[in-house]
Amino acid sequence: MAHTTPHPRRGRRGRRVLIRLGASLLVVSLLALLAIWQLGPRYGLYLVPPSPAAYADDALQKMDQGYYAQGPAWEAARAKAVRDTRDASSHADTLPALREAVAVAGGRHSKIFPAGESLSSFDKDRPLPTVTRTGPVTTITVPKVSAEDQGFQQRYAKTLTHGIAGADAATTCGWIVDTRHNHGGDMRPMLAGLSPLLDDGKIAGFVTRTGGTTDVTVAGGTIRVGGADAMSAESRPKSTKPVAVLQGPDNGSSGEVVVLAFKGAPGARSFGAPTAGYSSANQTVRLYDGTQMLLTTALDTDRHGKTYGGPIAPDQVAPVDTAHEAARTWLQQQCR
């Protein structure tokens with residue numbers, strides 16, 4: 001029987017290969033840990049919990065992307081926030097200073113919620129739209145959409161599209177779209193549900209402080225933001241009848257996007273008083289401990305590219321409580 005003996009040089013060569021491989025893996029691991037240590041906080045990755053001062057610095061770095069985070073006012077607010085958080089004993093202790101700073105970086109539409117809370121946790125009401133016809137005019141009430149539940153959002157949009165389809169034949173003079181008490185929330189189900197009243201194409205948009213633009217468009221029953229599908233409702237035939245939009249100071253945020261969707265549209269006119277002035281786009285930014293920050297990064301625009309960022313004036317000023325009557329009078333004049 002043949003007997004083989006391991007070659008000593010071959011064994012040493014194999015050990016050297018293993019040593020080199022282990023050293024390479026160690027170097028790669030150390031570089032990965034270094035990258036996470038330096039860059040990870042930008043993406044919510046931490047090797048160890050950040051100190052209160054580091055937590056505040058991370059939040060301020062994120063605030064640098066705010067629409068108003070430039071110039072002397074922001075530089076002063078940022079420096080003050082740094083000073084006020086250096087000796088903080090906990091992450092929570094930094095929040096008062098950070099709330100002051102975010103109000104400058106993002107303006108009045110920006111805020112910080114406590115850990116574990118969000119906009120939807122403060123506003124649990126889930127009103128559905130209503131579609132009511134009185135003679136030749138149909139009134140569509142468009143409430144806020146605070147719920148993040150996709151099932152509810154689809155139900156909201158479906159309520160609108162079905163109501164509009166059911167009333168279309170008898171609505172001979174036109175539509176009243178009532179946004180007077182729409183505080184905002186998610187614009188997508190509102191716009192998708194109203195899509196039968198909106199021509200296909202650009203209806204609104206957003207512009208950043210550097211001039212970057214994002215269009216909000218309609219294609220059938222689908223709302224697209226920046227070219228990507230955001231929400232779809234059942235595609236219904238488009239109505240060609242006039243639309244009167246009711247607005248007022250209780251109408252804000254995404255509710256103001258609904259107002260802008262009809263601004264300058266053929267056969268549309270708005271009635272009431274200036275809106276609340278939250279016509280801007282927010283991003284939700286998550287901090288290390290789960291605290292959420294709403295940061296304004298862009299201002300709203302209408303279909304023609306006009307920038308707002310404050311109260312939206314109506315086409316026809318009218319007392320908010322009686323704006324419905326002014327709108328109805330105008331619609332009746334259109335169908336004569």
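Colleague: Is Ala 157 buried or exposed?
Modeller: This is a predicted model. In it, Ala 157 is buried, because its relative accessible area is 1%, and the cut-off for buried is under 20%.

Colleague: Which helix is Ala 157 found in?
Modeller: Ala 157 belongs to helix H6, which covers residues 150-167.

Colleague: And what does Ala 157 touch, not counting residues up to four places away in sequence?
Modeller: With those left out, Ala 157 touches Pro 189, Ala 192, Gly 193 and Ala 233.

Colleague: How many residues apart in sequence are Ala 157 and Pro 129, and what is the C-alpha to C-alpha figure?
Modeller: Ala 157 and Pro 129 are separated by 28 residues in sequence, and their C-alpha atoms are 8.5 Å apart in space.

Colleague: Changing topic, how many cavities of 30 Å³ or more are there?
Modeller: The count is 1 cavity of 30 Å³ or more. The largest cavity holds about 40 Å³ of space.

Colleague: Which residues line the largest cavity?
Modeller: The lining consists of Val 245, Val 259, Phe 262, Lys 263, Gly 264, Ala 268, Arg 269, Ser 270 and Asp 315. Helix H8 (254-262) and strand S10 (268-272) are the elements that give two or more residues to this lining.

Colleague: Which element gives the largest share?
Modeller: Strand S10 does, with 3 residues of the lining of the largest cavity.

Colleague: How do the lining residues divide into nonpolar, polar and charged?
Modeller: For the largest cavity, 4 lining residues are nonpolar, 2 are polar and 3 are charged.

Technical notes:
Residues are numbered from 1 along each chain as its sequence is written. This is a predicted model: local features need pLDDT of at least 70, side-chain atom pairs count only at pLDDT 80 or more; totals for chains, interfaces and linings use all residues. Side-chain values use heavy atoms; hydrogens and water are left out. On a 1 Å grid over the protein atoms alone, a cavity is a set of points where a 1.4 Å probe fits but cannot get out, and a pocket is an open set with protein on both sides within 12 Å along at least five of seven lines; lining residues have an atom within 4 Å of a point. Grid points are joined across faces, edges and corners, and a volume is the space filled by probe spheres set on the points. Helices (H or I, at least four residues) and strands (E, at least two) are DSSP runs, numbered from the N terminus. Ala, Val, Leu, Ile, Met, Phe, Trp, Tyr, Cys and Pro count as nonpolar, Asp, Glu, Lys and Arg as charged, and the others, Gly among them, as polar. Buried means under 20% relative accessible area, exposed over 50%, partly exposed in between (1.4 Å probe, protein chains only). Contact means heavy atoms within 4.5 Å.
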